[in-house]
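Reader: Hello! I would like to talk through the packing and the open space in this protein; could you take me along?

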Amino acid sequence: MLSSLNHGQNAGPIPPAAATSERAPASAVLAYAGSRDRMTARGASGADAFGYLFDVAGISRIANPFDALGAVGAGMTAGAGLPGPSGLAAILTYFGQFVDHDITANTDRDPASLPRFAIGTPQLTLNARSDVRAQLGNLRRGTLRLDSVYGDGMAIDAKLRDGAQMRIGQTDGGAPNDLPRFGAMVDAGVVRADELPDTSAMHSDFGPVDPRRMAFIADGRNDENLVVAQLHLAFLRFHNAIADRLAGSDDERFARARQLVQWHYQWLVVERYLRAICDPAMLDAVLAGGAQRYRDFATGHGGASGDHAPMPIEFSVAAFRFGHSMIRPGYVFNADFPRASLNQLFQFTGRGGLGGPEVLPDIWVIDWNNFIDDQPANLQALAIDAALAPALGDLVNEDLPHLRSLAQRNLRRSYVLNVPTAQAIAAQLAAQGVDIAPLAHAELVSVPGGVALEQHGLAETTPLWFYILAEAEKRGGGKRLGPLGSLIVAETLVGLLVVDPESYWHAGAGGARWHPADAGLDAPIDSFQAMLAFAGVL
C-alpha cells in the first residue's frame, strides 16, 4: 500500500532486503505519508525493476544540462501557440494518469540516500545505466491488475474492503461520491488514530496538510487532482456494482468482482485507450506480434509473471508522459464550476485541504458527461503537442521548487536516468527493419521549446519525451502519438497483459481474449461511458 505517496516526496533506492526478497518487510511499505525514509522501493523483486528497452546512447555531452533542459522546458510552457482540441475525450488524459499510477512509481523522486539521482541541484549527474537498474526500484507492481485500487497484498490492504465491497466515502451532503478518508476511517474504528499519516513534512499551497483529509486508498497519488480522484472512486463503485450482482460468500463475491473489474479495465486499456491514442498501424503490428519486443525485454530483466513485471524506463520516464500535453488549463467540471482551474482541481483533494471540510463538498462532484466522447472542442483534451498549459510551469502542492515545472522536471529526470535519445532509438529500429520516418531537424526546432533545443545542441540528440510530443504533432496531427511513441507505449502496455497468465488476454474461451460480452452482465461494458454508468457515477 502506497497511501499518500505524492509527487515530490522522497523515495530511495532499493534497500538491500528488498533487492533480495520477494516482499519487503511491512514497515517498508505501510508508511502512509509521513516517513520519507520508509517510503522506499516497495520490496520489488528483480522482475519489478526498471530497465532499458533499447540499449543505445542517451545524451552524453551537453554543456550545463540543468540550465539547458530548463530552458527547453520553459519554452514548452511559455503559453505561445497553446494547442487546440485534439478530438480526444478529456477522460483519456486522466485514465492515462490512472494507468501510470497503477504500474509505476519512484521515477519522479529525489532520493535523499542517493543524491546523484537528484534533479534539484545545478550539477545534474548522468548516471550509468547499470547504476540506474541496480538502484531504482518500482514502488508499484508492474502489472495491470489494479493494485493501485486493491493494494499489493499487505495486511493493511484488507482494510480497503468491507466484506465483498470496497470502502468509499461520502461527500458533505452524505452522497457516496468521495474517496474514503482517514478521518472517517478513524471515526469508524477501521484504523487507529496512531495510524493517521504524518503530514508534518508535506507541503501544500493551500495551508497545512490535515491527515484526516488524506485519502484512504492504496495509492495516494490518485488523490493528487480531483479528476483522477473521481476516476479512482468510479472504479471503487464499479467493483461494488458488480459485487452487488454476484452470489456467494463475501470472499467469493469480492474475488470474482475484482477479477471482472481487472478484465474490464485491461480491455479498456487496449480497445478504448490505446486505440484512441496510438498510430493504428503500429498498434496493430504490436498486437499481431504479441508485444514481442516487450517480451524479449522482460526475459532479459528477470522474467515476468502475473504478480511481477519489469518496466521500461523509456516508457515510464518519457513516452508515457505524453499525457501531460493533453491537460487543459481548466475544465467545465460541473454545472457549479464551468471554469474550474487546475489549481482548484489540486485544492479539492486531501492534500489541498478539500476546500475546508473533511470530505469533498457535494458541489465538487465531477460531471463525467463533460469528459467522455463526442464533446465540443472546449471539452476535449488538448492536442498531443510540445506545448503544455502554462499552469503546468508552476504546479501547486509540490514539496520541492524544482518539481513545480512539469516540463523541466521531466527533462531533467530523463537526463539523470540516462534515457536513450530519440535519434539513437530510431537508428536502432531502422537497423532492425522498423521504419518510423524520423523527424527532420527543421520539424523539431519548429515546435514550442524547439528554439532552446537548437541553441543547446539537442536537435540531433533529442530527449525522448520532447521528441515524442513533437512527433505526435508532426506525424499524428496532435490527435494521436506518432510511430515511435506508439511503439513504446503499445509494446509496454500490451506486453504487460501478454506476460500475465491471468489477464484478459488469456481469459477467453479456447485461449482467445476475454471480451466484456463474456462477463454475464446485463449488457457489455465496452466503453468508458458504459463503465461510468454501471458504476452509478454518470
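Author: Gladly! A nonpolar core is a set of buried Ala, Val, Leu, Ile, Met, Phe, Trp, Tyr and Cys residues joined through side-chain atoms within 4.5 Å. Please keep in mind that this is a predicted model.

Reader: Thanks! How many residues does the largest nonpolar core have, and which have the most contacts inside it?

Author: The largest nonpolar core has 170 residues. Those with the most contacts inside this core are M76, F95, F235, L274 and L493.

Reader: Let me pick F235; which residues is F235 in contact with, leaving aside neighbours within four places in sequence?

Author: Contact here means heavy atoms within 4.5 Å. With its neighbours within four places in sequence left aside, F235 is in contact with F95, F98, L146, V149, V261, Y265 and M531.

Reader: Now to the open space: what volume does the largest pocket have?

Author: Rolling a probe the size of a water molecule over the atoms shows where empty space is left. For the largest pocket, the volume comes to about 470 Å³.

Reader: Which helix gives the most to the lining of the largest pocket?

Author: The lining of the largest pocket is made up of 27 residues, and R145, Y150, G151, R258 and Q262 lie nearest the centre. By class there are 9 nonpolar, 8 polar and 10 charged residues in this lining. Both α5 (147–150) and α8 (250–277) supply at least two residues each. With 7 residues, the helix that gives the most is α8.

Reader: Is Q262 buried or exposed?

Author: Q262 is found in helix α8 and touches R145 and L146, not counting residues up to four places away in sequence. Buried means under 20% relative accessible area. The relative accessible area of Q262 is 13%, so Q262 is buried.

Reader: Why are the buried residues of α9 on the same side?

Author: In helix α9 (residues 280–288), the buried residues are M282, L283, V286 and L287. They are on the same side of α9 because they cover an arc of only 135 degrees around the axis. The face turned away from this buried side carries the exposed residues A281 and A288. What covers the buried residues includes α8 and α18, and the value behind their shared side is an arc of 135 degrees.

Reader: And what do the buried residues of α10 pack against?

Author: In helix α10 (residues 292–299), R293, Y294, F297 and A298 are buried. They sit on the same side of α10, because their arc around the axis is only 135 degrees. These buried residues pack against β1 (50–51), β5 (311–312), α14 (422–431) and α18 (483–498).

Notes
Residues are numbered from 1 along each chain as its sequence is written. This is a predicted model: local features need pLDDT of at least 70, side-chain atom pairs count only at pLDDT 80 or more; totals for chains, interfaces and linings use all residues. Side-chain values use heavy atoms; hydrogens and water are left out. On a 1 Å grid over the protein atoms alone, a cavity is a set of points where a 1.4 Å probe fits but cannot get out, and a pocket is an open set with protein on both sides within 12 Å along at least five of seven lines; lining residues have an atom within 4 Å of a point. Grid points are joined across faces, edges and corners, and a volume is the space filled by probe spheres set on the points. Helices (H or I, at least four residues) and strands (E, at least two) are DSSP runs, numbered from the N terminus. Ala, Val, Leu, Ile, Met, Phe, Trp, Tyr, Cys and Pro count as nonpolar, Asp, Glu, Lys and Arg as charged, and the others, Gly among them, as polar. Buried means under 20% relative accessible area, exposed over 50%, partly exposed in between (1.4 Å probe, protein chains only). The arc is that of the directions from the helix axis to the C-beta atoms.
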